Amino acid sequence: MIKIGRAMKHKINVDLWLGRIGLGLIFCYCLLASILYFYFAQIHLTLSFLPFPIFVGEITMFLCFPLLVWVSRDGRLFSPRAIFFLGLYFGWVGIRALINYHFDGPLTCRNAALFYYPIFAVFAYAFYQKAMVPPKVLIALAFLAAGILFFKVMNVWYWWTYATFVVIAVWNAKSAQWRWLGWIFMAVIILLGKEYFYKGPRAHFVSIFGAVVFLVSYFGALLAKRRNYTAVGILLISFLLFIFGFFVFSNHNALSSVTSLKELINTYNAFEERYQAQQNGYVPEKLSVQLYNPKKFKDFFPSSPSATTQPAATATVISQPATTAKKVPQVSPSVPVVSTAIPKPKGIVEALLSPFMPHWLKNIQSSHIREGRSLDLDETNIVFRLFVWRDMARELIDNHAWWGFSFGHPQRSRSLEVLHWAESEWGRDGWITPHNSYFHIIYRAGILGLFLIGALFFMIGRLTRDFFNMNSVEGGFLVGGLVYWLVLSNFFIILEFPYNAILIWSLFGITLAYRDGLKKQNEIFTK
């Protein structure tokens, strides 16, 4: 019996299974967040000795820590240089968070998350290296992703990531029949899900455009290196058809607000005139600071399909200055609009499936569909962001905050408060978000923030170069998946919120691990 027990002990690869458990924890979080979004992310524990809740993202992080320590105990996963810089960075985040919390309170925890969520890249890198995920599991996950795409139950921001994963799975299919079926399925997904591919928020389709430009550039160069100029021509024609699709299927108001620079400048100048006229005598209100705005989970699953919360922008119409007859809506980007009914199914397939779908599935679909906005509102929404970014820059310069503001410092925008934009938001919370993750990094870390952003894009460039040199198709798609999120971070609250950041940093860590695995394989083959 003793010999059998020892034999079984030797057969169990503890590192492998702990790596799989770690990846499983991260995967489960990202899967639920992609469907339930902030409703899931706000699940938390309340401890009597802490003045702030412990959210499910942080719980996942705490569970991953001991797994990381165990699988990396042999010192092979990370070089001494990597350990030094990781320790230096996360040590800085931890020490600064503790100091800022002491002086500025719990809001520190919220803004510190922008800097400690990259730990998920470390988790994913280590777990992926150890897990050796079985091919059958990857096939099952590909089918799961395909089902989520088909039934449209994910939040719009996750569409590109799911599509990328399915494309990689189809490309790696061993059977030619499965590959053809996969490509046909993706064509159907794009045709049925045009609101995810060409529509939705402007930041979404601009980010898709940026990712597609990257993929066309990467694979065009890869095909040209192989002297397959016929394929290069087909790729360029496909890209032109993709651009044509924007003009046919996209929301024309959203597209015009992005491309009509003259109209945007006129809108900006009109509101700037109003701001200048109203700013005299402005005195900032004393506001209490809230850590977050609680969402009710039951609102996501109403008992009937008659009312569904939809993450779109509200607007109340206010007239511009007398210099123009045009009316421009006031924007409050994150206030939900309540839809009075589930949208009617569009297309033959959706019409056939609709009677068999439960109400909760229809509610999920409806909650992720973004209705188009007027051109005035789209333009004003852009000006809203420009004013916030302008005020951030002025605040940094006026206060000589070359190393950024405290994590606990509540950011406020003079322009928004003078114009009474999003008053219900900053009046309730006592702070605003900049809707640009890169500017937020600079706002909190100053010069060091610039260095961190530069380091991130340098690593993306290294990944692209390494995959290109190894002729990796999968690597190109993985970086393309990251490019979508990197572009999106210019316009929305992405790296700050766990339901976005944990996925992005985990994908980044897996991409790094996949690159290093390919390098090791190439070294073996070249010897």
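Is Thr433 buried or exposed? At 15% relative accessibility, Thr433 counts as buried (buried is under 20% relative accessible area, exposed over 50%, partly exposed in between, with a 1.4 Å probe and protein chains only). Some notes from going through the rest follow.

1. Ground rules. This is a predicted model, where local features need pLDDT of at least 70, side-chain atom pairs count only at pLDDT 80 or more, and totals for chains, interfaces and linings use all residues. Residues are numbered from 1 along each chain as its sequence is written, and side-chain values use heavy atoms, with hydrogens and water left out.

2. The chain overall. You have 23 helices and 6 strands here (DSSP runs numbered from the N terminus: H or I of at least four residues for helices, E of at least two for strands). Of the 527 residues, 49% count as buried. Take the contacts between residues at least 6 apart in sequence: 80% of them join residues at least 24 apart (contact means heavy atoms within 4.5 Å).

3. Back to Thr433. This residue is found in the loop between α20 (423–429) and α21. Leaving aside neighbours within four places in sequence, Thr433 is in contact with Val388, Gln411 and Ile493.

4. α6 against α21. Helix α6 (residues 107–116) packs on helix α21 (residues 437–469) at an angle of about 25°, and their axes are 11 Å apart (axes are lines fitted to C-alpha atoms, for helices over the stretch in contact, and angles run from 0 to 180 degrees between N-to-C directions). The pair is therefore roughly parallel (angles under 35 degrees; over 145 is roughly antiparallel, 65 to 115 roughly perpendicular and the rest oblique). On the α6 side, Asn111, Leu114 and Phe115 meet His440, Ile441, Arg444, Ala445 and Leu452 of α21. By type, the residues of this contact divide into 5 nonpolar, 2 polar and 1 charged (Ala, Val, Leu, Ile, Met, Phe, Trp, Tyr, Cys and Pro are nonpolar, Asp, Glu, Lys and Arg charged, and the others, Gly among them, polar).

5. α12 against α14. For helix α12 (residues 202–225) and helix α14 (residues 252–259), the packing angle is about 70° and the axes are 10 Å apart. That makes α12 and α14 roughly perpendicular to each other. α12 passes α14 in a right-handed crossing. The residues that meet are Arg202, Phe205 and Val206 from α12, and Ala254, Leu255, Ser257 and Val258 from α14. This contact's residues split into 5 nonpolar, 1 polar and 1 charged.

6. Tyr499. Look for this one in helix α23 (residues 498–526). Tyr499 counts as buried, at 8% relative accessibility. Not counting residues up to four places away in sequence, Tyr499 touches Tyr29, Ala33, Tyr37, Phe38, Ala41 and Tyr158. Gly57 is worth a look too: its C-alpha atom and that of Tyr499 are separated by 7.9 Å, with the two residues 442 apart along the chain.

7. Ser506. Helix α23 also holds Ser506, which counts as buried at 4% relative accessibility. A polar atom of the Ser506 side chain lies 2.6 Å from the backbone oxygen of Ile502. Ser506 touches Ile26, Phe120, Ala121 and Ala124, again not counting residues up to four places away in sequence.

Key. A crossing is left-handed if the near helix is turned anticlockwise from the far one by less than a right angle, and right-handed if clockwise. A polar contact is a pair of N or O atoms within 3.5 Å; within protein, one must be able to donate a hydrogen and the other to accept it, and residues adjacent in sequence count only if both atoms are side-chain atoms.
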